[in-house]
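Subject: Structure for your review

Dear colleague,

Please find below the structure that I am handing over to you. My notes on it follow directly after.

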Amino acid sequence: MTQEVKTDVLVIGSGIGGLYFAINMADHATVTIITKKESSTSNTNWAQGGIAATVAPNDSPELHIADTLDAGAGLCDEAMVGVLVREGPAHIRRLIELGVEFTTNPDHTLDLGKEGGHSRNRIVHARDLTGREVETALLARVNAHPNITLLEHHYALELITEHHLGIKTNDITCYGAYVLDTLNHKPKKILSKVTMVASGGLGHVYLHTTNPDIATGDGVAMAYRAGAEIANMEFIQFHPTSLFHPKAKSFLISEAVRGFGGILRNKEGEAFMQRYDRRENLAPRDIVARAIDSEMKKSGDECVFLDVTHLDAERVKEHFPHIHETCLEFGIDMTAEMIPVVPAAHYACGGIRTDSRGRSTIGRLYACGETSCTGVHGANRLASNSLLEALVFAWRSSEDIRAELQSIHIEHEFPDWDDSGTTNPEEWILVAHNKRETQAIMNDYVGIVRSDLRLDRARRRIDFLKDETEAYYKKTRITPPVIELRNIIKVASLIIQGAIKRRESRGLHYTTDFPQRDDKHYLVDTVLRSF
C-alpha cells in the first residue's frame, strides 16, 4: 500500500521561491513542502551575489528594464520584465520584515553592489552570502507556521495527472505527485488542490557546475513527461568564474568580485576583456564566459585568473569574507595572489513555461524560480535577477491561488504507486557510468560554444543513454540515483533539442555554424512538449 497524504497545496522544493510561496499561502491553506535533502540544501543557499532592485535615488525601473532587455538579447517578454522590476522593491521590504538582514551603510541605507550588465549599483546583498541569509530567515518562518509541513528526504517521482487514470486528454490537470520517502524507502501519494514546482536548477546535467548536488532538473523533467510546455532550454548560463582547483567542486567566485574591481587576466598577467567588449570585466556573463573560453582555447591553459590584488586587502576581506575564507582553505590568498577560475554551468534561463501568475500549461500546476520560464531572462539572465524573479512570481502565484482555492476539489481517486515486477538494483556501476557519460557529453558538445556536428553527436549519444536508462528504470525499484539519472538524461535531451531548433547565435546559445543573430526567423521562444 502507498501512503496517501492530502494537502491543499504541495510545494516541490525548498529554495527561495518555494519557501516564499509557502509562507504567503500558509494563512489560507494547508501547505506541504517536500525537499530532496535537508531543507537548506538549494541553489538559493549557494547564491552569493544578491537581489537586483531599483531602490537607489539615482536608479529607476526604466534603467533596470533596459539593462535586463539588453542582456536578454531581444528574447525577453517586455511585459514580464516590467512586472519583475516594478514589483521587486516591495519584496525586498517584505524580506526585511521577515527577518532578512541585508548589508547596510553607516547611515543605515542598503549597501548596493554592482554586477555585470547593470548600469547602476542596485544589488541588495548580505555580504557575499545573500542566499544563505534569505534562506535562513524564510526557513525560520516556515518552521514556525502551524499550517506548513516540511518533509525532508522526499523525492518527487511523477506529477499525478489524468494519465494515471488511463484518461488521454490534452486538457491536463495536476492533482499532486508520487513521492519517495528515502529514509523509509517507501513511496507516498500526495494529493493536492494545487502543486507548485520550485525544484531549482539543472547544473548537474553538466560535468562542471556551480550548483549543489540536488540540481538535476527534476521539475522540468517531470513537467515535460506530464505534458507541460517547456521553453528555451538551449539557454544555459555558464558562470564565468568558478574556482579552478581539484578539490573545490566548482566553488563560485561571485560576479560581485568583478563589480568590486576584479580584473580577468591570462597566465601572463595580461588583462584581456577589452578585446571582447567595451564593458570589459563588467560585460554580461555570456560574453565573459565566451571570452574566457576563447582565451583558454588559444593558449591551451586550463584556466584564467581573477585578480583583486590591486585592491585594498581589508576591504576585499570585509566585502567577501566567505569567498576569502574558502580560497584560503585551498591555499589561495586572494588579497595577495590571483584566483584561478574557469566557466561552469550555473543557471538555466529556460524551464516550465508559465504566464504572469506562474501558471503552467497544465491545470493547477504552477512553477517559479529557476525551474520556470517566465520570459524575464530571454536569451541570457542579467546578474542577480534570479532571486528577484523567484520572489515576484512566487508572490503572484500565491495571490492567484488564494482567489481560487476554495472552489477547487480533488475529484478522483488515484492508484497507488506501482512497482510490481521490479527488483532491487544490483549494477550501480551502470547508473554511475551513464551519469558521468551524460555530463561529459553535455560538457564537450553542448557547452559554451556549439556546432551542428557537436549537437548531432550529443543527440545520438543521449538518445542511446535514454533508451538504456529507461529499460533499467522499468525493471528496477526506485532509488534516488536512478531517479536523478533519468531526469538528467531527459533534461539533457531537451537542451539538445532546443539548441538544434535554434539555427542562430543569440545570448547564451552560440553556434559556429550560425554565428549571427537572426531576428527574422528566431525572435521567438523555443517551445517543446511531449504530446
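Asparagine 434 is buried, as its relative accessible area is 5%, and buried here means under 20%. Please bear in mind that this is a predicted model. The residue belongs to helix α12. Leaving aside residues up to four places away in sequence, asparagine 434 touches Leu465, Glu468, Thr469 and Leu485. Leucine 453, by contrast, lies 19 residues from asparagine 434 along the chain, and the C-alpha atoms of the two are separated by 22 Å.

Helix packing

Helix α12 (residues 428-445) packs with helix α14 (residues 480-501) at an angle of about 25 degrees, and their axes are 10 Å apart. Angles under 35 degrees count as roughly parallel, and α12 is therefore roughly parallel to α14. The crossing of these two helices is left-handed. On the α12 side, the contact is made by Trp428, Val431, Asn434, Lys435, Thr438 and Met442. From α14 come Pro481, Val482, Leu485, Ile488, Ile489, Ala492, Ile495 and Ile496. By class, the residues of this contact of α12 with α14 are eleven nonpolar, two polar and one charged. As background to the spacing of such positions, an α-helix has 3.6 residues a turn, so residues three or four places apart point the same way.

A second pair is formed by helix α4 (residues 78-97) and helix α11 (residues 386-404), whose axes come within 8 Å and cross at roughly 90 degrees. That angle makes α4 roughly perpendicular to α11. Helix α4 contributes Met80, Val83, Leu84, Glu87, Gly88, His91, Arg94 and Leu95 to the contact. The α11 side consists of Leu388, Glu389, Leu391, Val392, Phe393, Trp395 and Arg396. The contact of α4 with α11 comprises nine nonpolar, two polar and four charged residues.

Strand β1 and its partners

Strand β1 (residues 3-12) is largely enclosed by the rest of the structure, because seven of its ten residues are buried. Strand β1 runs parallel to strand β9 (residues 186-197), and nine bridges join the two. Within this pairing, glutamate 4 has lysine 189 of β9 as its bridge partner. Strand β1 also pairs with strand β2 (residues 31-34), again in the parallel sense, over four bridges. Here valine 11 stands opposite isoleucine 33 of β2.

An open sheet of four strands has the order β17-β15-β10-β18, and its pairing is mixed. The edges are taken by β17 (372-373) and β18 (527-528); each has a single partner strand, so one side of each is left without a neighbour in the sheet. Strand β15 (residues 351-353) pairs with β17 in the parallel sense over two bridges, and arginine 353 has cysteine 373 of β17 as its bridge partner.

Helix α6 lies across β10 (230-231), β15 and β18, and runs at about 45 degrees to β15. This helix (residues 218-226) is mostly covered, with eight of its nine residues buried. The buried residues are Asp218, Gly219, Val220, Ala221, Met222, Ala223, Tyr224 and Ala226. Glycine 227 follows α6 and has a positive phi, near 110 degrees.

Yours sincerely

How values were computed
Residues numbered from 1 in each chain as written. Predicted model: local features only at pLDDT ≥ 70, side-chain atom pairs only at ≥ 80, totals over all residues. Heavy atoms only, no water. Axes fitted to C-alpha atoms, helices over the stretch in contact; angles between N-to-C directions. Parallel < 35°, antiparallel > 145°, perpendicular 65-115°, else oblique. Left-handed = near helix turned anticlockwise from the far one by under 90°. Contact = heavy atoms within 4.5 Å. Nonpolar A, V, L, I, M, F, W, Y, C, P; charged D, E, K, R; others polar. Buried < 20%, exposed > 50% of the residue type's maximum accessible area, 1.4 Å probe, protein only. Pairing = 2+ DSSP bridges.
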